[in-house]
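Notebook open, viewer open. I want the overall numbers down before I go strand by strand.

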Amino acid sequence: MKIGIVEDEPVWRNKIKASIEKYCTDKNISAQVKAYDNEKDFTENADADLLFLDIELAEGEDGFRIAEKLMDSGSQCKICFLTSHTEMARYGYKVNAFRYIDKKYLEEIDEALDSFFKTKIQERTIYCKDTAGIRHRINLRELLLIETSGRKLRYLMRNGDEHICEGRISETAQSLSPFGFSCVQRSYIVNLKYIESVNSHEIMLCNGLKIAIGRVHSKEFKKEFFRWRMLFDD
(Lines give C-alpha, C1' and ligand atoms only; values in the text may rest on other atoms or scores of the structure.)
Protein backbone atom coordinates (compact mmCIF):
# COMPACT_ATOMS: atom_id res chain seq x y z
CA MET A 1 0.00 0.00 0.00
CA LYS A 2 1.43 3.39 -1.00
CA ILE A 3 0.60 6.59 0.89
CA GLY A 4 1.74 10.01 -0.33
CA ILE A 5 1.89 13.43 1.31
CA VAL A 6 2.15 16.74 -0.56
CA GLU A 7 2.71 19.56 1.93
CA ASP A 8 5.07 22.49 1.44
CA GLU A 9 5.58 23.37 5.12
CA PRO A 10 8.21 21.08 6.69
CA VAL A 11 6.69 21.20 10.18
CA TRP A 12 3.29 20.02 8.97
CA ARG A 13 4.83 17.54 6.51
CA ASN A 14 6.84 15.88 9.26
CA LYS A 15 3.91 15.81 11.69
CA ILE A 16 1.59 14.22 9.14
CA LYS A 17 4.20 11.64 8.07
CA ALA A 18 4.88 10.75 11.71
CA SER A 19 1.16 10.34 12.41
CA ILE A 20 0.67 8.00 9.45
CA GLU A 21 3.75 5.92 10.27
CA LYS A 22 2.70 5.59 13.92
CA TYR A 23 -0.75 4.41 12.83
CA CYS A 24 0.72 1.79 10.51
CA THR A 25 3.16 0.61 13.19
CA ASP A 26 0.44 0.39 15.84
CA LYS A 27 -1.88 -1.52 13.49
CA ASN A 28 0.90 -3.69 12.04
CA ILE A 29 0.06 -2.50 8.53
CA SER A 30 2.69 -2.57 5.80
CA ALA A 31 2.62 0.73 3.91
CA GLN A 32 5.12 2.83 2.00
CA VAL A 33 4.84 6.47 3.12
CA LYS A 34 6.53 9.19 1.05
CA ALA A 35 6.35 12.95 1.53
CA TYR A 36 6.86 15.72 -1.04
CA ASP A 37 6.88 19.50 -0.83
CA ASN A 38 5.54 20.27 -4.32
CA GLU A 39 3.46 18.90 -7.17
CA LYS A 40 6.39 18.27 -9.53
CA ASP A 41 8.28 15.98 -7.14
CA PHE A 42 5.11 14.04 -6.36
CA THR A 43 3.99 13.50 -9.95
CA GLU A 44 7.49 12.49 -11.10
CA ASN A 45 8.06 9.95 -8.34
CA ALA A 46 4.84 8.76 -6.75
CA ASP A 47 2.13 6.25 -7.41
CA ALA A 48 -0.13 6.60 -4.38
CA ASP A 49 -3.19 4.67 -3.27
CA LEU A 50 -3.96 7.39 -0.72
CA LEU A 51 -2.77 10.99 -0.87
CA PHE A 52 -2.75 13.59 1.91
CA LEU A 53 -2.78 16.80 -0.11
CA ASP A 54 -2.48 20.39 1.11
CA ILE A 55 -4.99 22.67 -0.58
CA GLU A 56 -2.74 25.75 -0.58
CA LEU A 57 0.85 25.06 -1.59
CA ALA A 58 3.75 27.40 -2.22
CA GLU A 59 4.45 29.01 -5.59
CA GLY A 60 0.74 29.30 -6.28
CA GLU A 61 0.19 25.53 -6.54
CA ASP A 62 -3.40 24.50 -5.92
CA GLY A 63 -4.30 21.18 -4.31
CA PHE A 64 -7.65 21.11 -6.09
CA ARG A 65 -5.91 21.43 -9.45
CA ILE A 66 -3.54 18.59 -8.58
CA ALA A 67 -6.54 16.44 -7.61
CA GLU A 68 -8.27 17.27 -10.91
CA LYS A 69 -5.19 16.14 -12.83
CA LEU A 70 -5.15 12.85 -10.95
CA MET A 71 -8.86 12.33 -11.64
CA ASP A 72 -8.45 13.17 -15.34
CA SER A 73 -5.57 10.67 -15.61
CA GLY A 74 -7.85 7.87 -14.43
CA SER A 75 -6.02 7.44 -11.13
CA GLN A 76 -7.93 5.56 -8.42
CA CYS A 77 -5.98 7.40 -5.70
CA LYS A 78 -8.10 8.55 -2.75
CA ILE A 79 -7.43 12.10 -1.59
CA CYS A 80 -7.51 13.53 1.92
CA PHE A 81 -7.26 17.31 1.69
CA LEU A 82 -5.28 19.14 4.37
CA THR A 83 -6.29 22.69 5.19
CA SER A 84 -6.32 25.42 7.79
CA HIS A 85 -9.34 26.97 6.06
CA THR A 86 -12.28 24.57 6.41
CA GLU A 87 -14.56 26.88 4.43
CA MET A 88 -12.74 25.68 1.30
CA ALA A 89 -14.04 22.14 1.80
CA ARG A 90 -17.17 22.86 -0.22
CA TYR A 91 -15.08 22.80 -3.42
CA GLY A 92 -14.06 19.22 -2.82
CA TYR A 93 -17.13 17.66 -4.41
CA LYS A 94 -15.64 18.50 -7.80
CA VAL A 95 -12.82 16.03 -7.27
CA ASN A 96 -14.64 13.49 -5.10
CA ALA A 97 -12.55 14.14 -1.99
CA PHE A 98 -12.25 11.22 0.41
CA ARG A 99 -11.71 13.35 3.54
CA TYR A 100 -10.96 16.87 4.75
CA ILE A 101 -8.56 17.15 7.66
CA ASP A 102 -8.18 20.37 9.60
CA LYS A 103 -4.50 20.79 10.45
CA LYS A 104 -5.50 21.80 13.97
CA TYR A 105 -6.96 18.30 14.47
CA LEU A 106 -4.43 15.86 13.06
CA GLU A 107 -5.90 13.09 15.20
CA GLU A 108 -8.49 12.87 12.40
CA ILE A 109 -5.79 11.17 10.32
CA ASP A 110 -6.38 7.93 12.25
CA GLU A 111 -10.10 7.89 11.39
CA ALA A 112 -9.32 8.59 7.74
CA LEU A 113 -6.83 5.71 7.64
CA ASP A 114 -9.30 3.38 9.38
CA SER A 115 -11.91 4.13 6.74
CA PHE A 116 -9.46 3.94 3.85
CA PHE A 117 -8.02 0.55 4.77
CA LYS A 118 -11.45 -0.88 5.44
CA THR A 119 -12.86 0.12 2.05
CA LYS A 120 -9.79 0.15 -0.17
CA ILE A 121 -7.56 -2.74 0.78
CA GLN A 122 -9.21 -5.18 -1.67
CA GLU A 123 -10.23 -2.65 -4.31
CA ARG A 124 -7.66 -3.81 -6.80
CA THR A 125 -7.30 -6.16 -9.72
CA ILE A 126 -4.68 -8.79 -10.45
CA TYR A 127 -4.14 -10.85 -13.58
CA CYS A 128 -3.33 -14.52 -14.00
CA LYS A 129 -2.43 -16.38 -17.19
CA ASP A 130 -4.17 -19.68 -17.93
CA THR A 131 -2.72 -22.75 -19.61
CA ALA A 132 -3.61 -21.33 -23.05
CA GLY A 133 -1.75 -18.10 -22.32
CA ILE A 134 -4.93 -16.05 -21.88
CA ARG A 135 -4.80 -13.39 -19.14
CA HIS A 136 -7.74 -13.32 -16.72
CA ARG A 137 -8.72 -10.28 -14.69
CA ILE A 138 -9.28 -11.12 -11.00
CA ASN A 139 -11.07 -8.70 -8.68
CA LEU A 140 -9.69 -9.35 -5.20
CA ARG A 141 -12.99 -8.43 -3.54
CA GLU A 142 -14.64 -11.35 -5.33
CA LEU A 143 -11.82 -13.87 -4.97
CA LEU A 144 -12.75 -16.53 -2.42
CA LEU A 145 -9.63 -18.71 -2.46
CA ILE A 146 -6.69 -20.04 -4.44
CA GLU A 147 -5.70 -23.69 -4.30
CA THR A 148 -3.16 -25.90 -5.96
CA SER A 149 -4.44 -27.92 -8.90
CA GLY A 150 -1.69 -30.25 -10.03
CA ARG A 151 1.12 -27.90 -10.97
CA LYS A 152 -1.29 -25.03 -11.54
CA LEU A 153 -3.35 -22.74 -9.34
CA ARG A 154 -7.15 -22.69 -9.22
CA TYR A 155 -8.68 -19.27 -8.55
CA LEU A 156 -12.22 -19.69 -7.18
CA MET A 157 -14.51 -16.67 -7.20
CA ARG A 158 -17.47 -16.04 -4.89
CA ASN A 159 -19.95 -16.64 -7.70
CA GLY A 160 -18.45 -20.08 -8.43
CA ASP A 161 -16.40 -19.07 -11.48
CA GLU A 162 -12.91 -20.51 -11.56
CA HIS A 163 -9.67 -19.99 -13.47
CA ILE A 164 -6.82 -22.50 -13.75
CA CYS A 165 -3.65 -20.46 -14.06
CA GLU A 166 0.11 -20.64 -13.92
CA GLY A 167 1.92 -19.78 -10.69
CA ARG A 168 3.37 -20.95 -7.41
CA ILE A 169 1.27 -20.87 -4.30
CA SER A 170 4.08 -19.62 -2.05
CA GLU A 171 4.86 -16.65 -4.29
CA THR A 172 1.16 -15.87 -4.78
CA ALA A 173 0.54 -15.99 -1.02
CA GLN A 174 3.36 -13.56 -0.42
CA SER A 175 2.14 -11.09 -3.04
CA LEU A 176 -1.47 -11.17 -1.76
CA SER A 177 -0.69 -11.08 1.96
CA PRO A 178 -0.95 -7.25 2.24
CA PHE A 179 -4.50 -7.39 0.82
CA GLY A 180 -6.24 -9.70 3.27
CA PHE A 181 -5.23 -13.15 2.00
CA SER A 182 -3.48 -15.82 4.03
CA CYS A 183 -2.01 -19.27 3.41
CA VAL A 184 -4.04 -21.53 5.67
CA GLN A 185 -2.07 -24.58 4.58
CA ARG A 186 0.38 -25.42 1.81
CA SER A 187 -2.39 -25.98 -0.75
CA TYR A 188 -4.77 -23.09 0.06
CA ILE A 189 -4.77 -19.29 0.16
CA VAL A 190 -8.03 -17.85 1.49
CA ASN A 191 -9.66 -14.43 1.54
CA LEU A 192 -9.81 -13.62 5.25
CA LYS A 193 -13.02 -11.64 4.99
CA TYR A 194 -14.93 -14.72 3.79
CA ILE A 195 -14.06 -16.89 6.77
CA GLU A 196 -17.21 -17.65 8.74
CA SER A 197 -15.62 -19.56 11.61
CA VAL A 198 -12.30 -20.84 12.92
CA ASN A 199 -11.46 -23.52 15.44
CA SER A 200 -8.21 -25.13 16.51
CA HIS A 201 -7.88 -27.32 13.42
CA GLU A 202 -10.02 -25.93 10.55
CA ILE A 203 -11.77 -22.94 9.03
CA MET A 204 -15.15 -22.67 7.33
CA LEU A 205 -15.69 -20.25 4.46
CA CYS A 206 -18.90 -18.41 3.63
CA ASN A 207 -19.80 -21.07 1.02
CA GLY A 208 -19.64 -23.83 3.64
CA LEU A 209 -16.29 -25.20 2.49
CA LYS A 210 -14.14 -26.48 5.37
CA ILE A 211 -10.35 -26.39 5.10
CA ALA A 212 -7.89 -27.93 7.54
CA ILE A 213 -5.34 -25.56 9.08
CA GLY A 214 -1.81 -26.73 8.34
CA ARG A 215 0.40 -27.23 11.37
CA VAL A 216 3.27 -25.25 9.85
CA HIS A 217 0.99 -22.36 8.89
CA SER A 218 -1.23 -22.34 11.99
CA LYS A 219 0.51 -19.68 14.06
CA GLU A 220 0.99 -17.15 11.26
CA PHE A 221 -2.47 -17.74 9.79
CA LYS A 222 -4.25 -17.21 13.12
CA LYS A 223 -2.25 -14.05 13.77
CA GLU A 224 -3.21 -12.64 10.37
CA PHE A 225 -6.84 -13.67 10.74
CA PHE A 226 -7.40 -12.08 14.13
CA ARG A 227 -5.53 -8.93 13.08
CA TRP A 228 -7.83 -8.68 10.05
CA ARG A 229 -10.92 -9.06 12.21
CA MET A 230 -9.67 -6.46 14.66
CA LEU A 231 -9.02 -3.94 11.91
CA PHE A 232 -11.86 -4.46 9.49
CA ASP A 233 -14.85 -6.16 11.07
CA ASP A 234 -17.82 -4.00 12.02
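Predicted model: local features only at pLDDT ≥ 70, side-chain atom pairs only at ≥ 80, totals over all residues.

**Whole protein.** I started with the surface: the protein exposes about 12,900 Å², and carbon and sulfur atoms supply 45% of that. Accessible areas here come from the Shrake-Rupley method with a 1.4 Å probe, and for residues only the protein chains shown count as cover. Residues are numbered from 1 along each chain as its sequence is written, and side-chain values use heavy atoms, with hydrogens and water left out.

I boxed the C-alpha atoms along the principal axes and got roughly 60 × 40 × 25 Å. Of the 234 residues, 43% count as buried (buried is under 20% relative accessible area, exposed is over 50%, partly exposed is in between; 1.4 Å probe, protein chains only). I looked at contacts (heavy atoms within 4.5 Å) between residues at least 6 apart in sequence, and 53% of them join residues at least 24 apart. The secondary structure comes to 6 helices and 15 strands; these are DSSP runs numbered from the N terminus, with helices (H or I) of at least four residues and strands (E) of at least two.

Two strands pair if DSSP finds at least two bridges between them. Axes are lines fitted to C-alpha atoms, for helices over the stretch in contact, and angles run from 0 to 180 degrees between N-to-C directions.

I then checked the partners of S1. Strand S1 (residues 2-6) and strand S2 (residues 32-36) are parallel over 5 bridges, and Ile 5 stands opposite Ala 35 in S2. From S1 the chain goes through helix H1 (residues 10-27) to S2, a right-handed β-α-β crossover. Right-handed means that, with the strands pointing away from the viewer, the path from the first strand over the helix to the second runs clockwise.

S1 also pairs with S3, in the parallel sense over 4 bridges; there Ile 3 has Leu 50 as its bridge partner.

Is Asp 54 buried or exposed? Asp 54 sits in strand S3 (residues 50-54), and it is buried because its relative accessible area is 3%. Its side chain makes a polar contact of 3.4 Å with that of Lys 103. A polar contact is a pair of N or O atoms within 3.5 Å; within protein, one must be able to donate a hydrogen and the other to accept it, and residues adjacent in sequence count only if both atoms are side-chain atoms. Leaving aside neighbours within four places in sequence, the contacts of Asp 54 include Val 6, Glu 7 and Asp 8.

Asp 41, in helix H2 (residues 39-45), is partly exposed at 30% relative accessible area. Asp 41 and Val 6 are 35 residues apart in sequence and 9.0 Å apart in space, C-alpha to C-alpha.

**Antiparallel sheet.** Last entry: an open sheet of 3 strands, ordered S13-S14-S15 with antiparallel pairing. Strand S13 (195-198) and strand S15 (210-212) are its edges, and the twist averages 25° from one strand to the next. I found 3 bridges joining S13 to strand S14 (residues 202-205), with Val 198 partnered by Ile 203 in S14.
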